Amino acid sequence: MIKPLVPIAFILVISSAAFAKPTQASSQEAQEAHQLALFAKFDKNQNGHLTQEEFVHSIASNLFEKFDQNKDGRVSEQEYHLHAVDKDRAKQEYPKIDVTKKGYIKFTDVMKYAPFIEELQTAFSKIDTNNKGYITLQDLPDLTPNN
Ligand SMILES: [Ca+2]
Ligand SMILES: [Ca+2]
């Protein structure tokens, strides 16, 4: 059993964070408008659902952007360690993602890293509780921050 790169709980937090508007001052309406806009962005074919493929790609892309601090389209080992939840695991996993030993990770490397993709697929099934095969805005975890 391969240990996941990112715990499911973390992915759920990231998913929620991705949909939550960062400014605390924003009104409920602004928050909802933002979630709607982002959902629409994730929903590539604009049919009101996120399929597993759309979800995996969008969340992976969102995570990648968060890790890529200097926005050069690459995640260096340093950037990777900065954002990794489990630092020891990150140390072991980075070389597995950077298979060609470039010294950086590109988004395509991430999408080829099976344990990570499987992890996102698992997160998808957890959100899609009644196994519809897609998720709607209503299926997403409670996006309103409690604190
Ligand atoms: Ca869709
Ligand atoms: Ca970078």
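## Helices H3 and H7 in a predicted model

Visitor: How do the axes of helix H3 (residues 52-67) and helix H7 (residues 114-127) cross, parallel or oblique?
Guide: Keep in mind that this is a predicted model. The two axes come within 9 Å and cross at roughly 120°. Angles over 145 would count as roughly antiparallel and 65 to 115 as roughly perpendicular. The crossing is right-handed, and H3 and H7 are therefore oblique to each other.

Visitor: Okay, and how many charged residues does the contact of H3 with H7 have?
Guide: On the H3 side you've got Gln52, Phe55, Val56, Ile59 and Ala60, and they meet Ile117, Leu120, Gln121 and Phe124 in H7. Sorted by class, that contact has 7 nonpolar and 2 polar residues, and the charged count is none.

Visitor: Which residues does Val56 touch, leaving aside its neighbours within four places in sequence?
Guide: Val56 is one of the H3 residues that meet H7. Val56 also belongs to the largest nonpolar core. With those sequence neighbours set aside, its contacts are Ile117, Leu120, Gln121 and Phe124.

Visitor: How many residues are in the largest nonpolar core?
Guide: Among its members are Leu50, Phe55, Leu63, Phe116, Ala123 and Ile135. H3 and H7 each supply at least two residues of this core. In soluble globular proteins, nonpolar side chains tend to be buried together. Here the core's total is 10 residues.

Visitor: Is Ala114 buried or exposed?
Guide: Ala114 sits in helix H7, and its C-alpha atom is 9.3 Å from that of Ile97, 17 residues apart along the chain. Ala114 has 10 of them, so it's exposed.

How values were computed
Residues numbered from 1 in each chain as written. Chains lettered and ligands numbered in written order. Predicted model: local features only at pLDDT ≥ 70, side-chain atom pairs only at ≥ 80, totals over all residues. Axes fitted to C-alpha atoms, helices over the stretch in contact; angles between N-to-C directions. Helix = DSSP H or I, 4+ residues; strand = E, 2+ residues; numbered from the N terminus. Parallel < 35°, antiparallel > 145°, perpendicular 65-115°, else oblique. Left-handed = near helix turned anticlockwise from the far one by under 90°. Contact = placed C-beta atoms within 7 Å. Nonpolar A, V, L, I, M, F, W, Y, C, P; charged D, E, K, R; others polar. Buried ≥ 20, exposed ≤ 12 C-beta atoms within 10 Å, placed from the backbone. Core = buried A, V, L, I, M, F, W, Y, C linked by C-beta atoms within 7 Å.
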